[in-house]
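Please have a look at the structure below. We will walk through it together, one part after another.

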Amino acid sequence: MHAYSAGAVVDPTRPYAEIWIGTHPSGPALLRHSHASLADFLVAGGEQPNLPYLLKILSVASPLSIQAHPDKQLAERLHSDNPHAYKDDNHKPEMSVALTDFEGMCNFRPVADILADLELRSELAALVGGKASLDALSNSSSSEDRRAAIHVVFSSLMSASKEAVASALDATVIAVKTASERSDADDLFLRLISYYPGDVGCFAAYLLNHIRISPGQAFFMAANEPHAYLKGQCVEIMACSDNVVRAGLTPKFKDVSTLVKMLTYKDDPPKIMSGEKVDGCSVVYKPPVEEFQLTKTVVPSGSTYEITAAKGPGMIMVIGGQGWIGVLSGERQKPESRLPLQPGSVYYVADSTRIYIEADHAMAADAPSPDLLFFRANINQD
Ligand SMILES: [Zn+2]
């Protein structure tokens, strides 16, 4: 995994936005020495060829597209109707654990917050149905009403003409820049438009929750919920699929009719997780899906750690520090042989295998910490 990705040589002096680790055909992991694909290796060992999850490291320098991923039923239909655009028949719930301070957008904001901003931004309000939409938002008492009101606002926005969107964006920029006070949504709007002038997705600043999480915090993106990454580095895990329906902040094709139909329009707050402590070194993040969970482990330099046997296929990915890894067989407390761990190392761990980890004393000159930091992907163990 160090120098090869999908057969291409990686240039360590160039920035990369994403690293994919898994068996998805768009970015299959290859074995370090044989360069055989992980899927072929699994089949040769009598295992299923596909991991149920896909693990990624993302480095987000500027805002990425607003998107949503279909649930299983919709994914099956989209794939059979249009296999070129929707390559997988699987759903794609996602979870991201922040490695640095991290910013994103996820789920629709509470109706009261959307309403408060729309009352100030009349150009946007006019674009999304004017007074009728504002009344529907302010009169919505049940969750059904709130969803219906948000649905009208969002579908009006997405079906507005390019010219109407462009003039509303221009007018909103002027309104925000000359306003006596700016909301957080206003600031985010100005940021988005500096990257994506003319893009309808800039208005998502007023409709979606702006999430800011610290290293070690995570958020979960359920099927059919809009989301976007804005800034920072994270470890991302998802069900093995590459189905994306884009909503904005992108020059790519937007399947507006599918998007408008698929979203839940719930204004539930996004699910921010701090993880559950497993032991002195590890914290586990368990989303409400069966395909995956992530465990973050920090082993202090100079000490050892045992990873207890987990069911299903596992992957270990090192983020920081140096050390060694080995398999513990039977009752043994030490492995018969060890392999090196360093940032970027990725190891596949077979079902029900105990693993020995040793964190080195020595610290690389440019490392921020001498401790060994790694993430482990498994299927949900609940
Ligand atoms: Zn996504």
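Along the sequence, the residues that donate to the zinc ion follow the spacing Q-x1-H-x24-E-x132-H. They are Gln67 (OE1), His69 (NE2), Glu94 (OE) and His227 (NE2), and they coordinate the zinc ion at 2.1 to 2.5 Å. Donors here are N, O and S atoms within 2.8 Å of the metal (3.2 Å for Na, K and Ca), and since water is not among the atoms, sites may look incomplete. Two of these residues link distant parts of the chain: Gln67 belongs to strand β5 (residues 66-68) and Glu94 to strand β6 (residues 94-98), 27 residues apart. Helices (H or I, at least four residues) and strands (E, at least two) are DSSP runs, numbered from the N terminus.

Before going on, please keep in mind that this is a predicted model, in which local features need pLDDT of at least 70 and side-chain atom pairs count only at pLDDT 80 or more, while totals for chains, interfaces and linings use all residues. Residues are numbered from 1 along each chain as its sequence is written, and side-chain values use heavy atoms, with hydrogens and water left out.

What is the geometry of the zinc site? The angles among the four donor atoms of the zinc ion run from 86 to 164°, and the site is irregular. Four donors count as tetrahedral if all angles lie between 85 and 135 degrees; four count as square planar and six as octahedral if opposite donors are over 155 degrees apart and all others between 65 and 115; anything else is irregular. Are Gln67 and Glu94 buried or exposed? Gln67 counts as buried because its relative accessibility is 16%, and Glu94 is buried too, at 2% relative accessible area. Buried means under 20% relative accessible area, exposed over 50%, and partly exposed in between (1.4 Å probe, protein chains only).

Now follow the chain to strand β7 (102-108). Seven of the seven residues of β7 are buried. Six bridges join β7 to β8, and the two run antiparallel; Phe108 has Leu208 in β8 as its bridge partner. Four bridges join β7 to β10, again antiparallel, and there Glu103 is partnered by Lys231. Two strands pair if DSSP finds at least two bridges between them. Asn107, also in β7, has a positive phi of about 60° although it is not a glycine. Most residues other than glycine have a negative phi. Asn107 counts as buried because its relative accessibility is 9%. Leu249 has a positive phi as well, near 55°. Leu249 sits in the loop between β11 (245-248) and α10, and its relative accessible area of 1% makes it buried.

Two helices come next. Helix α6 (residues 143-159) has 17 residues, which at 1.5 Å a residue should span 24 Å, and its end C-alpha atoms are 24 Å apart, in agreement. The expected span is 1.5 Å times one less than the number of residues. Phe154 and Leu157 are among the buried residues of α6. The buried residues of α8 include Phe189 and Leu192, and they pack against elements including α3 (111-120), α7 (162-178) and β8 (208-213).

Which residues touch the most other members of the largest nonpolar core? In this core of 53 residues, they are Met105, Leu137, Phe154, Phe189 and Phe203. A nonpolar core is a set of buried Ala, Val, Leu, Ile, Met, Phe, Trp, Tyr and Cys residues joined through side-chain atoms within 4.5 Å. Leaving aside neighbours within four places in sequence, Phe154 is in contact (heavy atoms within 4.5 Å) with residues including Phe108, Leu207 and Tyr265. A second, separate core of 26 residues includes Leu51, Tyr53, Val346 and Ile379.

Finally, look for an open sheet of six strands, ordered β13-β14-β15-β22-β17-β20 with antiparallel pairing. Its edge strands, β13 (276-277) and β20 (346-349), each pair on one side only. Four bridges join β17 (residues 314-320) to β20, with Met315 standing opposite Tyr348.
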